[in-house]
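I opened this model to look up a few helix contacts, charged pairs and backbone angles. My entries follow in the order in which I looked.

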Amino acid sequence: MELGIRDIEKMLMKKEKEMDHILSKNRTIIRSCSNSIKAIHAKKMNEAKKHLNDAEKELKTITKYQQDFSAHLNHVLQEYAEARIVLSAVEKDRIPSYKELKVGEISYLNGLLDAIGELKREMYESLRHGKTKKAERYFAMMEAIYDELLPLRFSNSVLPEFRRKQDVARLQIEQARGELLR
């Protein structure tokens with residue numbers, strides 16, 4: 001009796017090997033994005049861009065697996081989106097679109113919400129250095145992102161982690177508002 005089990009086994013072994021490759025690259029990409037954000041906060045923009053370029057190179061090696069492993073790529077693309085959003089906000093005083101970043105909608109939306117926390121940090125640093133106008137611009141960006149995303153209400157199965165991240169972003173904005181009004 002021929003059930004094709006060996007063919008299935010070969011296909012699953014191939015998928016497992018691809019998954020191992022993706023997970024390895026994911027760690028590298030997330031580390032590069034994290035290092036990029038640290039460099040942005042330290043005002044080392046060339047270093048931040050280098051880390052992002054490293055992340056982009058690694059991303060190119062795994063995005064071909066997006067169809068089969070989207071759940072494993074969404075998180076890493078979200079981290080990448082967050083880093084690019086923060087860099088653009090700090091450098092250009094603007095938030096790029098998901099099309100500009102070439103990431104999926106879900107990764108972009110979650111990356112935007114995560115970026116609020118990093119913009120809050122930039123706002124605090126600006127206040128600490130007496131740059132009130134700059135702090136107000138960061139706060140305005142935080143609020144604009146939150147206000148734009150507020151109407152989105154989808155289940156976790158459609159938009160994973162989004163509602164929780166919205167709640168966290170709301171708290172961060174309330175805290176930031178309190179510091180700005182002091």
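**Entry 1**

I looked up K49 and found it partly exposed, with a relative accessible area of 32%. My terms here are buried for under 20% relative accessible area, exposed for over 50% and partly exposed in between, with a 1.4 Å probe and protein chains only. I note that the model is predicted, that local features need pLDDT of at least 70 and side-chain atom pairs pLDDT 80 or more, and that totals for chains, interfaces and linings use all residues. Residues are numbered from 1 along each chain as its sequence is written, and side-chain values use heavy atoms, with hydrogens and water left out.

What does the side chain of K49 meet in a salt bridge? I found E91, at 2.7 Å from N to O. I take a salt bridge as a side-chain nitrogen of Lys or Arg within 4 Å of a carboxyl oxygen of Asp or Glu. K49 lies in helix α2 (residues 45–62) and E91 in helix α3, so this pair ties together parts 42 residues apart in sequence. Helices here are DSSP runs of H or I with at least four residues, strands are runs of E with at least two, and both are numbered from the N terminus. E91 is also partly exposed, at 35% relative accessibility.

**Entry 2: other salt bridges**

I then asked how many salt bridges the rule gives. The count comes to 17.

I picked out K50 and D54, whose closest N and O atoms are 2.9 Å apart. Both residues lie in helix α2, four residues apart, or about one turn of the helix. K50 is partly exposed at 46% relative accessibility, and D54 is partly exposed at 24%.

I also checked K133 and E136, a salt bridge with its closest N and O atoms 3.8 Å apart. They sit three residues apart in helix α6 (residues 132–149), so about one helical turn separates them. K133 counts as exposed at 63% relative accessibility, whereas E136 is partly exposed at 34%. Elsewhere, salt bridges that share partners join D167, R170 and E174 into one network.

**Entry 3: α3 against α5**

I looked up how helix α3 (residues 70–92) meets helix α5 (residues 105–128): their axes come within 7 Å and cross at roughly 45 degrees. The axes are lines fitted to C-alpha atoms, for helices over the stretch in contact, and the angles run from 0 to 180 degrees between N-to-C directions. α3 and α5 are therefore oblique to each other. I use roughly parallel for angles under 35 degrees, roughly antiparallel for over 145, roughly perpendicular for 65 to 115 and oblique for the rest.

The crossing of α3 and α5 is right-handed. I call a crossing right-handed if the near helix is turned clockwise from the far one by less than a right angle, and left-handed if anticlockwise. Residues making the contact include L77, A81 and I85 of α3 and L112, A115 and L119 of α5. Contact means heavy atoms within 4.5 Å. I sorted the residues of this contact into 10 nonpolar, five polar and four charged. In this sorting Ala, Val, Leu, Ile, Met, Phe, Trp, Tyr, Cys and Pro are nonpolar, Asp, Glu, Lys and Arg are charged, and the others, Gly among them, are polar.

Leaving aside neighbours within four places in sequence, N110 contacts Q78, P160, E161, F162 and K165.

**Entry 4: α6 against α7**

The axes of α6 and helix α7 (residues 162–181) come within 10 Å and cross at roughly 150 degrees. Among the residues in contact are F139, M142 and Y146 of α6, and F162, A169 and I173 of α7. This contact divides into 10 nonpolar, two polar and four charged residues.

**Entry 5: positive phi**

I looked for residues other than glycine with a positive phi. Most residues other than glycine have a negative phi. K43 has phi near 65 degrees and sits in the loop between α1 (5–41) and α2. K43 is partly exposed, with a relative accessible area of 44%. E161 has phi near 70 degrees and sits in the loop between α6 and α7. E161 is partly exposed, with a relative accessible area of 35%.
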